[in-house]
Amino acid sequence: PRWDLVTGSFWFDASTGQATLEDLDAVGTPAYIGGGACDPEQASKATLQNTYTDILNIGKIFGVTDRAERKVAEMKATLQRVRTQLDGQRSIPVIFYSSGTSVLRLAGAGVNTEIIQLAGGRNIFADQEDYFDASREAVAGAGAEVFIISDYRPGMTGQQKVEFLTRAFPGMAAKWQHNWPMI
């Protein structure tokens, strides 16, 4: 099939069965790669500013610049309201859980940590790569008060992840936050 545009926020890698940018170019398909997360080395440095830029760029591509600008303005206004509401509040220790049962896939540095901070949290593993593997013992001893559960991957549903974490860490005081709102 012929595609008008292929977009993504991750790299195109033939070793994982994905088309490369060269493959797309060879068949005349333009591609847009989201900023800040287009390769493993840059993903830990991704920020919300990259997201704003991507929205504005996609707005230009599709001729809806005004809508894109309004969306970015709405997002920034929402963040300002959150900051105002959190002023003076203590930072809550958070673990962002993505997947895994024996070895857990967690989020470290990057845009996930920035959003956690903007929402009043402190990602316990902010000093790690954007996504990394951790043992159950590391998670159990981390002192999280909140787990953020990612529900975007194939595999376990968000509810199944809650059930797994509840069984795996029955003594943890952490609350489960499923499907955190994207700003």
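Q: Is Lys 161 buried or exposed?
A: This is a predicted model, and in it Lys 161 lies in helix α7. Its relative accessible area is 2%. Because the limit for burial is under 20%, Lys 161 counts as buried.

Q: Which residues does Lys 161 touch, not counting residues up to four places away in sequence?
A: Lys 161 belongs to helix α7. With those sequence neighbours left out, the residues touching Lys 161 are Tyr 97, Ser 98, Ile 149, Ser 150, Asp 151 and Met 156.

Q: How many aromatic pairs does a search of the whole structure find, and what is the geometry of Phe 96 and Tyr 131?
A: The search of the whole structure gives 4 aromatic pairs. For Phe 96 and Tyr 131, the ring centres are 6.4 Å apart and the planes stand at 75°. Since an angle over 60 degrees is the criterion, this pair is edge-to-face.

Q: Which strands hold Phe 96 and Tyr 131?
A: The two residues are 35 residues apart in sequence, so their pairing ties together separate parts of the chain. Both Phe 96 and Tyr 131 are buried. Phe 96 lies in strand β3 (residues 92-99), and Tyr 131 in strand β6 (residues 131-135).

Q: What is the angle between the planes of Phe 147 and Phe 169?
A: Phe 147 and Phe 169 form a stacked aromatic pair, 6.3 Å centre to centre. Phe 147 is buried at 0% relative accessibility, and Phe 169 is buried with a relative accessible area of 5%. The angle between their planes is 25°.

Q: How many residues apart are Glu 74 and Lys 71, and which helix holds them?
A: Glu 74 and Lys 71 form a salt bridge, with the closest N and O atoms 3.2 Å apart. Glu 74 is partly exposed at 44% relative accessible area, and Lys 71 is partly exposed at 40%. They are separated by about one helical turn, because they are 3 residues apart in helix α4 (residues 65-86).

Q: What separates the closest N and O atoms of Glu 145 and Arg 90?
A: Side chains of opposite charge can pair when their charged atoms come close. Glu 145 is partly exposed, at 30% relative accessibility. In its salt bridge with Arg 90, the closest N and O atoms are 2.5 Å apart.

Q: Which strands does the salt bridge between Asp 133 and Arg 105 link?
A: The closest N and O atoms of Asp 133 and Arg 105 are 3.1 Å apart. The two residues are 28 residues apart, and the pair links strand β6 with strand β4 (residues 103-107).

Notes. Residues numbered from 1 in each chain as written. Predicted model: local features only at pLDDT ≥ 70, side-chain atom pairs only at ≥ 80, totals over all residues. Heavy atoms only, no water. Phe/Tyr/Trp six-rings, centres within 6.5 Å; stacked < 30°, edge-to-face > 60°. Helix = DSSP H or I, 4+ residues; strand = E, 2+ residues; numbered from the N terminus. Buried < 20%, exposed > 50% of the residue type's maximum accessible area, 1.4 Å probe, protein only. Contact = heavy atoms within 4.5 Å. Salt bridge = Lys/Arg side-chain N within 4 Å of Asp/Glu carboxyl O.
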